[in-house]
Amino acid sequence: MRAAVLQEIGQEKLEVLDDVEAVGFGPGRVRIRVRATGLCHSDLSAMSGVLPQPGPFVPGHEGAGEILEVGDGVTHLKAGDRVVVCWLPACGTCPACKRGQTELCLAGFMNAGTPNFRRPGGDVFGFAGTGTFAEEVVVDAGCAVPIPDDVPFDIAALIGCGVTTGLGAALNTADVEAGSSVAVIGCGGVGISAIQGARLKGAAEIVAVDPVASRRESALRFGATKAVSPEELADAKQQVTAGEGFDYVFEVVGKSATARTAYDNTRRGGTLVVVGAGAMDDFLQLNMFELFFDEKRILPSMYGGGDVLRSYERTIALWRAGRIDLEGLITHRVPLTEINEALDQMRTGTALRTCIEI
């Protein structure tokens, strides 16, 4: 079958190969025909080595498709079911799951160390235990979440990561208060979803911050009340909050420099929400006095900070009701053979989300 493979960490281009086989099918597993997948910035981070991932590997973790076959013991799925791929499934039995913090379950991370694919030259891993830049993928049954027939595959793919992460950061992690002021630093697909979440919660002012003009324009369409470049953030802070700082600031880049900027633009007693996934050797520096004196809450948000299955259902309900715009997030579409074009669109910021049609 066909798949896009990164041969070595650090390479910028993927090779679309026809000699890849999805492996690992058996009890408790399912085989999925991938129909659509989104390109998330985390895929680029894994390719560059910012996020740990053994190679060679097939990127992609934001996908949707249909079940081809199910292994023994799988009773909630059958061939032909439409599903979204969940890269962080909850096991239901670990301490985190029992506490209701299913987004912190480590079972999904364990999958990342087992090859999902094989080529004549050897094993190939799937990013985050999935690898949706492929025509087929074999995953644990818990990674395949059924979706209603009226949800298109491209919309379902977005729900698999970016939309759930951004919406959840505003709805679950921050629980944005109505009438509050919000700033979102980084306005790709996840940042735009955080903006939509803040709007749903009734934020009075939502300032979008991004260096790319087209993304700032998009942010205004999705609910931001003001959109500025990073250099203009200080003026926006003065205009919107009289210099005090924002009630909530979302960092959606994954760098210590932008996290520090986010902290500095959060008011005393306000909330900084860290959404971006960064490198293990990139350290955020705060001094002990400011931590004590400013009393700012620092809230990391992993995969939207809530139960993933409930978040999927909520997102579909909001989309059906016209409360959130998911179609508008897809600014580009390419076939798998043009995956490197999609990578360029992500790197330059010209795309919010590129849908790879498989």
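Trainee: What does the secondary structure of the chain come to?
Mentor: The chain comes to 12 helices and 19 strands. Those are DSSP runs numbered from the N terminus: helices are H or I with at least four residues, strands are E with at least two. Keep in mind that this is a predicted model, where local features need pLDDT of at least 70 and side-chain atom pairs count only at pLDDT 80 or more, while totals for chains, interfaces and linings use all residues. Residues are numbered from 1 along each chain as its sequence is written, and side-chain values use heavy atoms, with hydrogens and water left out.

Trainee: OK. How does the radius of gyration sit with a compact globule?
Mentor: It agrees: a compact globule of 358 residues would have a radius of gyration near 21 Å, and the chain has 20 Å. That radius is taken over C-alpha atoms, and the globule rule is 2.2 Å times the number of residues to the power 0.38. Along its principal axes, the C-alpha trace spans about 60 × 40 × 40 Å.

Trainee: And how many of the residues count as buried?
Mentor: 56% of the 358. Buried means under 20% relative accessible area, exposed means over 50%, and partly exposed is in between, using a 1.4 Å probe and protein chains only.

Trainee: Which ones are they?
Mentor: Ser-42, Asp-43, Leu-44, Ser-45, Ala-46 and Met-47.

Trainee: What covers them?
Mentor: The cover includes strand S4 (29–38), strand S5 (57–58) and helix H12 (339–348). Just after H1, Gly-49 takes a positive phi of about 95°.

Trainee: Switching to another glycine, where is Gly-92?
Mentor: Gly-92 is in the loop between strand S7 (82–85) and helix H2 (95–98). Gly-92 is partly exposed, with a relative accessible area of 49%. Gly-92 and Cys-105 are 13 residues apart in sequence, and their C-alpha atoms are 8.3 Å apart in space.

Trainee: Last one: what does UniProt place at residues 10–352?
Mentor: An unreviewed UniProt entry has the feature "domain: Enoyl reductase (ER)" there. UniProt positions are given in the numbering used here, feature names are shortened, and annotations may be inferred rather than shown by experiment. In the model, that span is 31% helix and 24% strand, and its end C-alpha atoms lie 23 Å apart.

Methods. Contact = heavy atoms within 4.5 Å.
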